[in-house]
Amino acid sequence: MTGKAKPKKHTAKELAAKLDAATTNRGGGKAGLADRSGKEKGGHAKLECPLCKVTAPDIKSMQIHHDARHPKIPFDDSKLNNLHSTVEAETSKPKPGVRGSLKK
């Protein structure tokens, strides 16, 4: 016999969460590494800090990084390295970081 508040079976919400966790790309592995490094066009790491080579997806995130890590140097967005401008798009491979998987 179970307690009053203890469910006897798994809920639909719990089963859906398990399925989502098992089949969604969370950014790990080689595709996630390429996505974080910005080496492939379509990766989320678009900008690179010229001082410490840390990558960020947009100007606002890079400005937050710069204010936290380099407070004595004024922020100049013209000195940022755009990683997407140097790499050509390859259409044969799927873009990394896209939600979904082949398991479904």
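A residue is called buried here when its relative accessible area is under 20%, exposed when the value is over 50%, and partly exposed in between (1.4 Å probe, protein chains only). Glu14, with a relative accessible area of 31%, is therefore partly exposed. The model is a predicted one, in which local features need pLDDT of at least 70 and side-chain atom pairs count only at pLDDT 80 or more, while totals for chains, interfaces and linings use all residues. Residues are numbered from 1 along each chain as its sequence is written, and side-chain values use heavy atoms, with hydrogens and water left out.

First, the overall layout. The chain has four helices and three strands, and read along the sequence they follow the pattern α-α-β-β-α-β-α. Of the 104 residues in the chain, 21% are buried. Contact means heavy atoms within 4.5 Å. Looking at contacts between residues at least 6 apart in sequence, 48% join residues at least 24 apart.

Helix 1 (residues 12–23) holds both Glu14 and Lys18, which sit four residues apart, about one turn of the helix. An α-helix has 3.6 residues a turn, so residues three or four places apart point the same way. The side chains of Glu14 and Lys18 meet in a salt bridge, at 3.9 Å from N to O. The rule asks for a side-chain nitrogen of Lys or Arg within 4 Å of a carboxyl oxygen of Asp or Glu, and by this rule the count comes to one salt bridge.

Gly32 counts as buried because its relative accessibility is 3%. Gly32 and His44 are twelve residues apart in sequence, and their C-alpha atoms are 9.7 Å apart in space.

Three of them form an open sheet in the order 2-1-3, with antiparallel pairing. Strand 2 (55–56) and strand 3 (81–82) stand at the edges with a single partner strand each, so one side of each is left without a neighbour in the sheet. Two strands are taken to pair if DSSP finds at least two bridges between them. Strand 1 (residues 47–48) and strand 3 run antiparallel and are joined by two bridges, with Glu48 standing opposite Asn81 of strand 3. Strands of a sheet pair through backbone hydrogen bonds, either parallel or antiparallel.

Helix 3 (residues 59–69) has Met62, His65 and His66 as its buried residues. These cover an arc of only 100° around the axis, which puts them on the same side of helix 3; the arc is that of the directions from the helix axis to the C-beta atoms. What do they pack against? The buried residues of helix 3 pack against strand 1 and strand 2. On the face turned away from the buried side, helix 3 carries the exposed residues Lys60, Ile64 and Ala68. Ile59, also found in helix 3, counts as partly exposed because its relative accessibility is 38%. Beyond its neighbours within four places in sequence, Ile59 is in contact with Leu47, Phe75, Asp77 and Leu80. Ile59 and Asp77 are 18 residues apart along the chain, with their C-alpha atoms separated by 7.5 Å.

Met62 also belongs to the largest nonpolar core, which has five residues: Leu47, Cys49, Ala56, Met62 and Leu80. Such a core is a set of buried Ala, Val, Leu, Ile, Met, Phe, Trp, Tyr and Cys residues joined through side-chain atoms within 4.5 Å. Leaving aside neighbours within four places in sequence, Ala56 is in contact with residues including Leu47 and Met62.

His65 lies in helix 3, whereas His70 is in the loop between helix 3 and strand 3. Their side chains make a polar contact at 3.4 Å. The term stands for a pair of N or O atoms within 3.5 Å; within protein, one must be able to donate a hydrogen and the other to accept it, and residues adjacent in sequence count only if both atoms are side-chain atoms. His70 is buried because its relative accessible area is 14%, and His65 counts as buried because its relative accessibility is 14%. Residues up to four places away aside, His70 touches Cys49, Leu51, Cys52 and His65, while the contacts of His65 include Cys49, Cys52 and Val54.
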